[in-house]
Amino acid sequence: MTTLTVLGSAGGAPTRTNPASGYLVESGGAAFWVDAGTGTFMELARHTDPGTLSGVVLSHIHVDHCTDVFGLYGYLAFGPSGIVPVPVFAPTGAAEHLSAFARAGEEHVFHTVLDLVDVEPGSHVAIGDVSIRFGRAVHPVPALVTRFDTPHGSLVYSGDTGPGSDLVELASGADVLLCEATIAGERSAQTYPYHLTAGEAGRIAAEADVASLIVTHLASGVDADQALDEAATRFRGPINLAAPGSTFTIGGTT
Ligand SMILES: [Zn+2]
Ligand SMILES: [Zn+2]
């Protein structure tokens, strides 16, 4: 079985009841932490031992998607698991940026426990029986859209992106599209170009012909029911909200 658990989904900033962006993808014995937004390390640890992660994927290095990776660093370097190396896949440049914050030179334990891998759009990796493919997101910093294919199903995550990303192509025929829907209402000339409206998330789901859509990363003040309604104007399949703590089964259950 492959599952997606929402550790946090608040757009831009954590709230008292919802951490920033972070997800746990589990398939067979593999576990991936996908985005490490503020507050998500503690949620991750409630669901799985962080010392047993198969990998971490960071869509980009905006703080609401990456800061808790330093919690994992501390856990793996100084915590009960003993020193455990974990691959961290992130856009090119992220390794340098994160290392600088940790003041970690080449020989630092930061690099022993976090094996930071630069990822270019179009590349892919395989870990166990999980294949991960990356595409280009449209955002002010290098950012990735990510597809997980497992023996049970397929999940595609938008990260943060505006219109024009590789999302439609990467999500083609996927079981689940987990897509940001930061903005409410229709896009106008003044609308921020580096996030999606809920309607655009629905349109991408329809164009990619995915089986179901989960909307996430709603900006503070955006009404969830309105976002679901706006997504449903473009996509006729099932649409869910990425409520914190919720778990979704991806594809079949065997
Ligand atoms: Zn964000
Ligand atoms: Zn961002």
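What follows is a short tour of this model, which is predicted.

Start at the zinc ion (ligand 1). Which residues hold on to it? Asp64 (OD), His65 (NE2), Asp160 (OD) and His217 (NE2) coordinate this zinc, at 2.1 to 2.2 Å. Read along the chain, the donors are spaced as D-H-x94-D-x56-H. The geometry is irregular because the 4 donor atoms subtend angles of 88 to 161 degrees around the metal, and a tetrahedral call would need all angles between 85 and 135 degrees.

This zinc has a neighbour: the zinc ion (ligand 2) is 3.6 Å from the zinc ion (ligand 1), and Asp160 coordinates both. Now look at the two histidines. His65 sits in helix 2 (residues 63-66), while His217 is in the loop between strand 12 (212-216) and helix 8 (224-232), so the pair ties together parts 152 residues apart in sequence. Both His65 and His217 are buried.

The largest pocket has a volume of about 250 Å³. Its lining has 19 residues, and Ser9, Ala10, Asn18, Leu218 and Ala219 are the closest to its centre. What kinds of residue make up that lining? There are 11 nonpolar and 8 polar residues, and no charged ones.

The second largest pocket holds about 150 Å³ of space. Its lining splits into 3 nonpolar, 3 polar and 3 charged residues, with Arg133, Asp166 and Glu169 among the lining residues. Strand 8 (130-136) and helix 6 (167-170) each give two or more residues to this lining, and strand 8 gives the most, with 3.

Note on methods. Residues numbered from 1 in each chain as written. Chains lettered and ligands numbered in written order. Predicted model: local features only at pLDDT ≥ 70, side-chain atom pairs only at ≥ 80, totals over all residues. Heavy atoms only, no water. 1 Å grid on protein atoms, 1.4 Å probe; cavity = no way out; pocket = protein on both sides within 12 Å on 5 of 7 lines; lining within 4 Å. Points joined across faces, edges and corners; volume = space filled by probe spheres on them. Nonpolar A, V, L, I, M, F, W, Y, C, P; charged D, E, K, R; others polar. Helix = DSSP H or I, 4+ residues; strand = E, 2+ residues; numbered from the N terminus. Donors = N, O, S within 2.8 Å, 3.2 Å for Na, K, Ca; no water. Tetrahedral: all angles 85-135°; square planar, octahedral: opposite > 155°, others 65-115°. Buried < 20%, exposed > 50% of the residue type's maximum accessible area, 1.4 Å probe, protein only.
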